[in-house]
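Hi,

Here is the structure I promised to pass on. Have a look at it first, and my notes on what turned up follow below.

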Amino acid sequence: MAKKIIAEIIGTFVLVLFGTGTAVLGGGADGVGILGVSVAFGLSIVAMAYTIGVVSGCHINPAVTLSMIVNKRMDIKEGLVYMVSQVVGAILGSATLFYFLSASSIETTNMGQNSFGTLGGLGSFIAEVILTFVFVLVIVTVTGKHGINKMEGLVIGFTLILIHLLGIPMTGTSVNPARSIGPALFAGGEALTQLWVFILAPMVGAALAALVGKFVLSSEEA
């Protein structure tokens, strides 16, 4: 279990540091652009899938872990340990980015945190449920009994790119409570008051995806 914990910490650390770091240091939509930030998140998933996937399954996302619990691929106790590890990894990733920004005398109000933007709370909640539903549905099917062996990492990574292309202009794209918690803790203010949406909505979307995967797409059937 210790190896799985370390793997999930490392994986989420990489996802948050390289994803949000690219968004912040790359100038966001006005710099590397939405595509650039989307690719950074997607490639982080691909890199980690083929690095820690054989150890922990490379969830690096509490919403993904919840889907595995719902479909009984792992028990609740192990799932909770995964979730805590992911949050720790995300906080370490944001702490590292915070250090880089501070050392470079760059303002730290932008930590790549998620935001309601112009959608408002309800709109952001609905958007995150849908985005997470699509993302996790792909995960539970390609890693399921009828999945495509050895290609899962690429498929999941490219799906995350797709999700970000639509999601960044709306909410900054969470689909991952840990990814939202890390930056919000360091950005503070509005990011913390809006954080509940980016924790709850991805979990709802993931649970729905797990159920659809199981009962509609037969992801759990041999």
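Over residues 195–217 the chain is 91% helix and 0% strand, with the end C-alpha atoms 32 Å apart. Keep in mind throughout that this is a predicted model.

Now the helix packing, starting with α9. This helix covers residues 195–215 and packs against α7 at an angle of about 170°, the axes being 8 Å apart. An angle over 145 degrees counts as roughly antiparallel, so that is how α7 and α9 run relative to each other. On the α7 side the contact uses Pro177, Ser180, Ile181 and Ala184, and these meet Leu195, Phe198, Ile199, Pro202 and Met203 of α9. By class that gives eight nonpolar residues, one polar and no charged.

The other pair I'd point you to is α3 (residues 62–70) with α5 (residues 120–142). Their axes are 10 Å apart and the packing angle is about 55°, and α3 and α5 are therefore oblique to each other. The crossing is right-handed. From α3 the contact takes in Ala63, Val64, Ser67 and Met68, and from α5 it takes in Thr132, Val136, Ile139 and Val140. Six of the contact residues are nonpolar, two are polar and none is charged.

Ser105 is not a glycine, yet has a positive phi of about 60°. You'll find Ser105 in the loop between α4 and α5. Thr173 also has a positive phi, near 65°, and is likewise a residue other than glycine. Its loop is the one between α6 (152–167) and α7 (177–187).

Are these two buried or exposed? Ser105 counts as exposed because its relative accessibility is 69%, with the cut-off for exposed being over 50%. Thr173 counts as buried, at 0% relative accessibility.

Finally, two residues whose neighbours come from elsewhere in the sequence. Ser38 sits in helix α2 (residues 33–56) and is buried, with a relative accessible area of 0%. Leaving out residues up to four places away in sequence, Ser38 touches Ile161, His164, Leu165 and Ile168. Ser38 and Ala23 are 15 residues apart in sequence, and their C-alpha atoms are 8.9 Å apart in space.

Ile91 belongs to helix α4 (residues 76–103). With a relative accessible area of 28%, Ile91 is partly exposed. What does Ile91 touch, not counting residues up to four places away in sequence? The answer is Gly182, Leu185 and Phe186. Ile91 and Pro183 are 92 residues apart in sequence, but C-alpha to C-alpha they are 7.3 Å apart.

That's what I have for now.

Cheers

Notes:
Residues are numbered from 1 along each chain as its sequence is written. This is a predicted model: local features need pLDDT of at least 70, side-chain atom pairs count only at pLDDT 80 or more; totals for chains, interfaces and linings use all residues. Side-chain values use heavy atoms; hydrogens and water are left out. Helices (H or I, at least four residues) and strands (E, at least two) are DSSP runs, numbered from the N terminus. Axes are lines fitted to C-alpha atoms, for helices over the stretch in contact, and angles run from 0 to 180 degrees between N-to-C directions. Angles under 35 degrees count as roughly parallel, over 145 as roughly antiparallel, 65 to 115 as roughly perpendicular and the rest as oblique. A crossing is left-handed if the near helix is turned anticlockwise from the far one by less than a right angle, and right-handed if clockwise. Contact means heavy atoms within 4.5 Å. Ala, Val, Leu, Ile, Met, Phe, Trp, Tyr, Cys and Pro count as nonpolar, Asp, Glu, Lys and Arg as charged, and the others, Gly among them, as polar. Buried means under 20% relative accessible area, exposed over 50%, partly exposed in between (1.4 Å probe, protein chains only).
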